Amino acid sequence: MVFTYYREERAAVAIGALLIILAAVLAVLFPNIIDFVLDKELAIQEGGRTYKFWKEPPVVPRLQIYIYNVTNADEFLNNGEKPALQELGPYVYLQHWEKVDIKFNDNGTVSYKVKKTFTFNESLSAGSQDDLVVVPNVPMLSATSQSKHAARFLRLAMASIMDILKIKPFVEVSVEQLLWGYEDPLLKLAKDVVPKEQKLPYDQFGLLYGKNSTMPDLYTIFTGANDITKFGMMDRWNGKDGLGFWTTPECDSIMGTDGSIFPPHITKETVLKVFDKDLCRTLPLVYQRDVIASGGVPGFRFSPPTNVFTSEKNLPSQKCYCPAGPPCAPEGTFNVSQCQYDSPVLLTFPHFYLADPALREAVTGISPPEAEKHQLYIDVQPIMGTAMKARARIQVNLAVSQVRDIKQVASFPDIVFPIMWFEDCVDELPEEMRTLLKLVVDLPPVAHAAVSGALAAIGVIVLLGAFMCLARAAKRQEKLHLSSPLPANATSTKTGQLNLGFSK
Ligand SMILES: *[C@@H]1O[C@H](CO)[C@@H](O)[C@H](O)[C@H]1NC(C)=O
Ligand SMILES: *[C@@H]1O[C@H](CO)[C@@H](O)[C@H](O)[C@H]1NC(C)=O
Ligand SMILES: *[C@@H]1O[C@H](CO)[C@@H](O)[C@H](O)[C@H]1NC(C)=O
Ligand SMILES: *[C@@H]1O[C@H](CO)[C@@H](O)[C@H](O)[C@H]1NC(C)=O
Ligand SMILES: *[C@@H]1O[C@H](CO)[C@@H](O)[C@H](O)[C@H]1NC(C)=O
């Protein structure tokens, strides 16, 4: 043995090597450690860091509404002209969102109801709530369209009732009435005469009727405490795990979030899912491009795949959304009549974006769709899965069927009649949340570099120090050997002699 060094130096070498190994291990594992901590912080729990953001999002979402005002109702009905529409708006409502009746369950879920309040903001709007608009009479046209396959005498009876009540295919109402409700003679009649089991629960009609309050729907979502990959995902909606409208479990599933949060660690391959009861389905969202949200936080833009509302002719799997067909709804439209008390409501994107151009050409006054203005999208922060900016855009249309037996609507042709479109906008998160997000983006790499870098540096220094000491010690020992009466190589000399003696 040539090197016999001191115990301290041996320990120093070991510590230095250990530190370097630790730095390497940390460098590899650090992202997982960060993710672990992040996921624990993210899960919805009472008193948790994200709980208050979840319970009462500190954002002021805007609901912007555009109404298609019909300017040639008489010419359309009497002369067969195309409907001439005038797009009015936006009428802007500032919203406040809150989750109420929150109850944590023992199985990693939380149940709640949603309370939304809307306040009209005139200065952001391009008109007043008192503006008068002419729009199709939705309750009447729903009833006549539905009666298409009923017995003829029923249709004739309907015609005389409508005569007595002076119901017309178009109504002139204020924007406020159209959205928040006006008394409709037909609904009132239906409520009075139709037995209780019948579905219509109210005598008012309004596109957003009853939405300015706590909604009766009970949601149960996963908190992410047990399984972060389910963070924010719907478990039950009114106690059910499916909508009960569509023919396959995939289409009927409510497995999606409310669109404000998503399971974390989103990649460009992730398919996000949003469940919306008014949309009557979960909506898939796919990566579109990188974006920089306000405050300089980088993110991904997700939007529905372009074939999301395609017809079953183009994509056979869409058949699940067409239980009564074929024929099914036209290309680029989504039939939600089952969710709307059988009213023939078809949803599309605004200006019939991604839909059959013939639908837009059946009317005048709607400009060609533009992705930037009319597509639906959500910008998410991929690490946390937080929505940073969103434009939920949908157009509401009425699929009117011509019914010749009812004289009031005899000249109303088969048409997909656009009524309005809206966009639910979240523009920027408040400073407090942006800071948190930015921290999540910026901190881990810096901390990562700092921690493993520092460890490695200390390791190297300790190791170098140890080697220096070793070298010195070795030199000292060499000197020691030279002056020693029994040189270090004495043994080997002896052995050599021994060997020699043996071989001889
Ligand atoms: C809507 O159209 C009608 C004509 O049908 C018109 O009288 C009314 O002023 C329009 N409303 C607005 C707000 O422009
Ligand atoms: C969790 O518990 C709630 C309330 O008891 C229940 O409604 C829900 O179905 C349960 N979910 C799962 C996944 O077990
Ligand atoms: C919604 O309700 C609140 C009170 O709960 C009220 O102040 C507000 O004006 C209502 N908004 C609309 C659009 O009716
Ligand atoms: C309307 O919105 C603007 C901009 O957000 C705000 O300054 C103003 O106070 C709002 N007005 C009302 C009546 O809420
Ligand atoms: C929409 O769906 C309902 C019920 O499934 C069906 O009766 C109706 O014909 C459909 N409408 C269109 C335009 O396909």
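By class, the shell around ligand 3 holds three nonpolar residues, one polar residue and no charged ones; here Ala, Val, Leu, Ile, Met, Phe, Trp, Tyr, Cys and Pro count as nonpolar, Asp, Glu, Lys and Arg as charged, and the others, Gly among them, as polar. The residues in question are Tyr93, Phe118, Trp180 and Asn212, where a neighbour needs a heavy atom within 4 Å of the molecule. Asn212 brings an N or O atom of its side chain to 2.4 Å from an oxygen atom of ligand 3, while Phe118 uses a backbone N or O atom, 2.7 Å from a nitrogen atom of the ligand. On its own, ligand 3 exposes 360 Å², of which the protein buries 48% (accessible areas by the Shrake-Rupley method with a 1.4 Å probe).

Before going on, please keep in mind that this is a predicted model, in which local features need pLDDT of at least 70 and side-chain atom pairs count only at pLDDT 80 or more, whereas totals for chains, interfaces and linings use all residues. Residues are numbered from 1 along each chain as its sequence is written, chains are lettered from A and ligands numbered from 1 in the order in which they are written, and side-chain values use heavy atoms, with hydrogens and water left out.

Which residues surround ligand 2? They are Asn105, Asn107, Thr109, Phe222, Asp235 and Arg236, a shell of one nonpolar, three polar and two charged residues. Polar side-chain atoms reach the ligand from Asn107, 2.4 Å from an oxygen atom, from Asp235, 2.7 Å from a nitrogen atom, and from Arg236, 3.3 Å from an oxygen atom. The protein covers 53% of the 360 Å² of accessible area that ligand 2 has on its own.

Ligand 4 has Asn121, Ser123 and Leu124 around it. A polar side-chain atom of Asn121 lies 2.3 Å from an oxygen atom of this ligand. Of the 360 Å² that ligand 4 exposes when taken alone, the protein buries 32%.

Stepping back to the whole chain, the domain assignment, which is automatic or from a database, gives domain 1 (2–38 + 444–499) and domain 2 (59–429). Their C-alpha centres lie 69 Å apart.

Methods: Polar contact = N/O pair within 3.5 Å; in protein donor to acceptor, adjacent residues only side chain to side chain.
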